[in-house]
Amino acid sequence: MNDRLPGSCYDNPIWYKKYRIYLSDLYEVHGFQFDYVHDDYDGAEDAHDSRCGFAHSIDEAKSEIDDREDN
């Protein structure tokens, strides 16, 4: 996919709220086509920051983000 298309890579994501949605590198391994991650995501194991995930579609990623934001 062309890296100029929104969502094609981490540096050119589809923005939804404060989350980046982009093509996953894990697609062939885990079957998820998209990753999503909050712009302020820490990622450190001791931070218990769960503002990231995987989805099969952009709509599924947006739905999961909405669920995370509602809790």
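Select Asp-66 to begin: at 24% relative accessibility, this residue counts as partly exposed. The model is a predicted one, and every distance given on this tour is computed from it. Asp-66 belongs to helix α2, which spans residues 58–70.

Lys-17 lies in the loop between β1 and β2, so the contact with helix α2 ties together parts that are 49 residues apart in sequence. Lys-17 is likewise partly exposed, with a relative accessibility of 48%.

β1 and β2 form a hairpin with 2 residues between them, and Lys-17, in the turn, has a positive phi of about 55°. The two strands pair in the antiparallel sense over 3 bridges.

Now colour strand β2, residues 19–23. Of its 5 residues, 4 are buried, so the strand is largely enclosed by the rest of the structure. β2 also pairs with β3, in the antiparallel sense and over 5 bridges. Select Leu-23 and Phe-34 together: Leu-23 stands opposite Phe-34, the latter in β3.

Within β2, turn to Arg-20. Asp-39 is found in the loop between β3 (34–38) and β4 (52–55), 19 residues apart from Arg-20 in strand β2. The structure has 2 salt bridges in total.

The charged end of Arg-20 sits over the ring of Tyr-10, 4.2 Å from the ring centre.

Finally, select Tyr-22 beside Tyr-10. A pair of aromatic rings is described by the distance of the centres and the angle of the planes. Here the centres of Tyr-10 and Tyr-22 are 5.3 Å apart and the planes stand at 85°, so the arrangement is edge-to-face. This pair links distant parts of the chain, with Tyr-10 in the segment before β1 (14–16) and Tyr-22 in strand β2, 12 residues apart. Tyr-10 is partly exposed at 41% relative accessibility, whereas Tyr-22 is buried at 13%. The structure holds 3 aromatic pairs, including this one.

Key
Residues numbered from 1 in each chain as written. Predicted model: local features only at pLDDT ≥ 70, side-chain atom pairs only at ≥ 80, totals over all residues. Heavy atoms only, no water. Phe/Tyr/Trp six-rings, centres within 6.5 Å; stacked < 30°, edge-to-face > 60°. Buried < 20%, exposed > 50% of the residue type's maximum accessible area, 1.4 Å probe, protein only. Lys NZ or Arg CZ within 6 Å of the ring centre and 35° of its normal. Salt bridge = Lys/Arg side-chain N within 4 Å of Asp/Glu carboxyl O. Pairing = 2+ DSSP bridges.
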